[in-house]
Amino acid sequence: MSGGPLPRSLYESLLRPVLFRIDPERAHALALCGLQQRFLRGRVTPRIGPWGPTMVAGLSFPNPLGLAAGFDKDARAIDGLFSCGFGFLEVGTVTPRAQPGNPKPRLFRLPLASALINRMGFNNAGVAEMAARLSKLRSRPGPVGVNLGKNRDTPLEEAVNDYVGGAQRLGEFADYLVVNLSSPNTPGLRSLQEPKALEEILREVRSAAPSTPLFVKISPDLRAGEVEAVIGVAIDAGLTGVVCTNTTSARPGSLSMQDVPGGLSGGPLRSLSTEIIRQAFAYARGRLTIIGVGGIHSGADAWEKIQAGATLLQIYTGFVYRGPGAPIRILAELEASWRAAGAPEFPGCVGRLA
C-alpha cells in the first residue's frame, strides 16, 4: 500500500468546485465561519498514529500533523480545527496592533498546480484580542502555537519591539511561539533574517518569554550559506526549533499568474521547502526541532518531509484543496508510507503503539 492520496473525498468532488467559484478570500471567511460552529466542539480527538505521540520541549503532540499559521489569524476556530483531527494548531500571524493588511484582491488560486498566491500582509485583530480568546480556551486537544509578526508601519530598526511585545503579551497563553521574519508580503521583513538583526530579535524574544518554546520561521528562498547562518543564530539563541518554510517569491516552472506578486504556496513549493529542511537538519545536527511545511498534499509528501529531517509537519494549502477531512486522510496515507518503509522509529515519538 502506497502513501499516495486516497480517492477523492466528497469535499473534493462536490463542495470544492462550488467554493472555488467564490472569491478566494470570501470562501476562506465562509470556511472559517463554519469551523466556529458550536456543534463541532469536542467532536474528534486528534488521531494518534501507531508510532505514538511526539514529544518536543515538554509538549505532547498527539500526531505530527498541524495547521500552519495564516489560516486562523485571530484564533477564532480552535475547537472546529481540532475537530478535523489536527495534532496541533498555529494561529496568527498576529501583530501588536490590529491592521487591515494589503489591498484586495490579495489571495489567488492556481488549481492546475494545487497552489495559492497570497499577499495578505498580516491582516489581523492584534495581540489583545488574541490574548482574550486564548485565555478563554476550555481545553486543548493538542498544542496551540502563536505566530508573531511586526506591524507594517513599524520601522525595521524597531521591529524587535513588536516581537518582544507580542511575546510578552501572548507567551503565557501560547504552547509555543514562532518569530515570523520570512513573509514576503511585509516590506523589508526578510532582511531581518540577516544574522545581526536576527540575533538581536531572537535573543530579546527569548528573554521576554523564557519558559515558552520558541521557533523561527524561515524563507524557502534562502541560499545554502544563509540557511546555515540562520540555524547557527537559532542554536546560539537557545531556540527550540525552526519552521521550514514560509511561502516563496519564486515562480518555478510555467505557472499561470507569473506576474502576480505575493507568496506562492502549495505543490510548487514542495521541493523548495524539502531542500531547506535537508539543509537545516544537516546544520542543526539534532540541536533544533524542525517543523516541515510547504506543499504537503498527501501522506507521501509528509513522509518526504520526515525523511528530510522534519519532526513535525504543517499544512495550509493542502487543507484548502483537500478540505476538512485532509488531516485524517493525510495521516492515513502517511501511515501507509511509514509501513511501506518498514515502520522505522519516528523522530521525537514515544510509546510506539504498533
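Predicted model: local features only at pLDDT ≥ 70, side-chain atom pairs only at ≥ 80, totals over all residues.
As general background, nonpolar side chains in soluble globular proteins tend to be buried together.

The surroundings of Val 216 can be followed residue by residue. Once its neighbours within four places in sequence are left aside, Val 216 is in contact with Val 178, Val 179, Leu 181, Leu 198 and Leu 202, and also with Ala 234, Leu 239, Gly 241, Val 242 and Val 243.

## Glu 25 in helix α2

Glu 25 belongs to helix α2, which covers residues 24-34, and it counts as buried because its relative accessibility is 17%, where the cut-off for buried is under 20%. The side chain of Glu 25 makes a polar contact with the side chain of Arg 106, at 2.8 Å.

When residues up to four places away in sequence are not counted, Arg 106 is one of the residues that Glu 25 touches, together with Lys 104, Leu 107, Met 120 and Asn 123.

## Trp 303 in helix α9

Trp 303 is found in helix α9, residues 299-308, and with a relative accessibility of 11% this tryptophan also counts as buried. Leaving aside neighbours within four places in sequence, the residues in contact with Trp 303 are Leu 334, Ser 337, Trp 338, Ala 341, Pro 344 and Phe 346.

## Cysteines

How many disulfides does the model contain? The count comes to zero. A disulfide is a covalent bond between the sulfur atoms of two cysteines, and the rule applied here requires those sulfur atoms to lie within 2.5 Å. For Cys 84, the closest cysteine sulfur is that of Cys 33, at 14 Å, so the two are too far apart for a bond.

Is Cys 84 buried or exposed? Cys 84 counts as buried because its relative accessibility is 7%, and Cys 244 is likewise buried, with a relative accessible area of 0%.

Note on methods. Residues numbered from 1 in each chain as written. Heavy atoms only, no water. Contact = heavy atoms within 4.5 Å. Helix = DSSP H or I, 4+ residues; strand = E, 2+ residues; numbered from the N terminus. Buried < 20%, exposed > 50% of the residue type's maximum accessible area, 1.4 Å probe, protein only. Polar contact = N/O pair within 3.5 Å; in protein donor to acceptor, adjacent residues only side chain to side chain.
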